[in-house]
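Subject: Handover of a structure for your review

Dear colleague,

Please find below the sequence and the structure that I am passing on to you. My findings follow directly after them.

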Amino acid sequence: MLNIGCHLSVSNGFENMGKQAIELGGNTFQFFTRNPRGGKAKDIDRKDTDALLILMKNNNFSKILAHAPYTLNPCSANERTRQFAFETMADDLKRMEYIPNNMYNFHPGSHVGQGVDKGIELIAEVLNEVMREDMTTTVLLETMAGKGSEVGSKFEELKAIIERVEIKDKLGVCLDTCHVFDGGYDIKDNLEGVLESFDKIIGLSRLKALHLNDSKNPLGSHKDRHEKIGKGYIGLDAFKNIVTHPALKALPCFLETPNELEGYAEEIALLKSF
Ligand code: FE
Ligand code: FE
Ligand code: ZN
């Protein structure tokens with residue numbers, strides 16, 4: 001069975017996101033840990049997170065995915081910006097322990113002219129500060145589109161970050177289909193080749209989640225504009241190949257397509273039909 005869900009709003013509460021996921025036909029979901037533009041997160045209501053854990057258990061949920069605010073930049077040239085990323089991620093990871101054994105995804109960041117190598121070094125530094133031996137959460141680096149000076153659009157860059165992180169058993173990768181396609185990896189016509197190269201460079205055992213998004217732009221355009229499943233340059237056949245691929249089919253998948261809830265339900269049904 002496909003483990004699939006979509007991005008939901010945390011402002012409805014944790015248990016309600018679980019209920020929503022079920023209503024949409026899914027068995028997992030993604031949410032922003034706080035307003036994507038940053039700011040303070042709502043206090044955790046323990047009753048609510050406990051209710052979600054029970055719901056997840058009773059409904060065969062796969063792991064759920066928390067997404068850090070996309071405005072964080074752990075490899076900024078500005079020390080205060082890096083400090084803000086550190087504080088936010090540390091706080092998020094503390095809060096994640098109320099829903100233990102799940103996953104936390106973040107964008108590696110933009111090196112803003114300092115060069116990729118410096119970016120990689122700074123990202124690993126932040127990870128080594130926020131990750132703890134006793135945490136239950138797996139931290140995921142998201143594959144990026146390579147817009148501007150984004151780090152993480154090449155598998156080699158993600159590998160270089162992983163190499164520098166001390167607590168490697170709690171570190172993984174979330175592959176975003178729109179982003180890798182934008183980054184020049186042809187998952188449409190050469191999925192096998194892309195996965196082979198992922199395996200050779202990073203190792204497929206690091207791959208813990210998929211973001212399923214079609215792309216509004218052709219291969220290698222570095223634009224990061226998500227499209228509805230089957231309506232973009234990646235196309236429906238490719239998504240069929242992805243969700244049924246032996247190396248991928250057990251991974252939790254998360255839709256971040258431009259949709260209202262109804263559209264998500266349709267895409268979830270479509271992908272499950274494969
Ligand atoms: Fe993301
Ligand atoms: Fe994504
Ligand atoms: Zn994106």
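**The metal sites**

The iron ion (ligand 1) and the iron ion (ligand 2) lie 3.3 Å apart, and Glu-142 coordinates both of them. Please note that this is a predicted model, and every value in this message is to be read accordingly.

Distant parts of the chain are linked here: His-107 belongs to the loop between strand S4 (103-106) and H4, while Glu-142 belongs to strand S5 (residues 138-142), and the two are 35 residues apart. His-107 and Glu-142 are both buried.

Asp-176 is buried, as is Glu-142.

As a point of reference, the ideal angle for four tetrahedral donors at a metal is 109.5 degrees.

A zinc ion (ligand 3) is held by His-179 (NE2), Asp-224 (OD) and His-226 (NE2), its protein donors, at 2.0 to 2.3 Å. The donor residues are spaced H-x44-D-x1-H in sequence. His-179 in helix H6 (residues 177-182) and Asp-224 in the loop between S8 and S9 are 45 residues apart, so that this pair links distant parts of the chain. Both of these residues, His-179 and Asp-224, are buried. The zinc ion (ligand 3) and the iron ion (ligand 1) are separated by 5.3 Å.

**Strand S1 and its partners**

Strand S1 (residues 4-8) is mostly covered, with five of its five residues buried. Which strands does S1 run parallel to? One is strand S10 (residues 253-255), joined to S1 by three bridges. The other is strand S2 (residues 30-32), joined to S1 by two bridges. Within these pairings, Ile-4 stands opposite Cys-253 in S10, and His-7 has Gln-30 in S2 as its bridge partner. From S1 the chain crosses through helix H1 (residues 14-23) to S2, and this β-α-β crossover is right-handed.

**The nonpolar cores**

The largest nonpolar core comprises 74 residues, of which Phe-29, Leu-127, Met-131, Leu-210, Leu-212, Leu-255 and Leu-271 touch the most other members. Helix H4 (residues 116-130) gives the most to this core, contributing seven residues.

Leu-210 illustrates the packing: apart from neighbours within four places in sequence, it is in contact with Cys-174, Leu-175, Ile-242, Leu-248, Leu-251, Pro-252, Cys-253 and Phe-254. There is also a second, separate core of six residues, including Leu-65, Met-103, Leu-140 and Ala-209.

**Two individual residues**

Thr-88 is located in helix H3 (residues 79-96). Is Thr-88 buried or exposed? Its relative accessibility is 4%, and Thr-88 therefore counts as buried. Setting aside residues up to four places away in sequence, Thr-88 touches Arg-34, Pro-69, Leu-72 and Tyr-104.

Lys-223 is placed in the loop between strand S8 (214-215) and strand S9 (226-227). With a relative accessible area of 45%, Lys-223 is partly exposed. Not counting residues up to four places away in sequence, Lys-223 touches Lys-147, Asp-182 and Asn-217. Lys-223 and Asn-12 are 211 residues apart in sequence, and their C-alpha atoms are 31 Å apart in space.

With kind regards

Terms used
Residues are numbered from 1 along each chain as its sequence is written. Chains are lettered from A and ligands numbered from 1 in the order in which they are written. This is a predicted model: local features need pLDDT of at least 70, side-chain atom pairs count only at pLDDT 80 or more; totals for chains, interfaces and linings use all residues. Side-chain values use heavy atoms; hydrogens and water are left out. Buried means under 20% relative accessible area, exposed over 50%, partly exposed in between (1.4 Å probe, protein chains only). Helices (H or I, at least four residues) and strands (E, at least two) are DSSP runs, numbered from the N terminus. Two strands pair if DSSP finds at least two bridges between them. A crossover is right-handed if, with the strands pointing away from the viewer, the path from the first strand over the helix to the second runs clockwise. A nonpolar core is a set of buried Ala, Val, Leu, Ile, Met, Phe, Trp, Tyr and Cys residues joined through side-chain atoms within 4.5 Å. Contact means heavy atoms within 4.5 Å. Donors are N, O and S atoms within 2.8 Å of the metal (3.2 Å for Na, K and Ca); water is not among the atoms, so sites may look incomplete.
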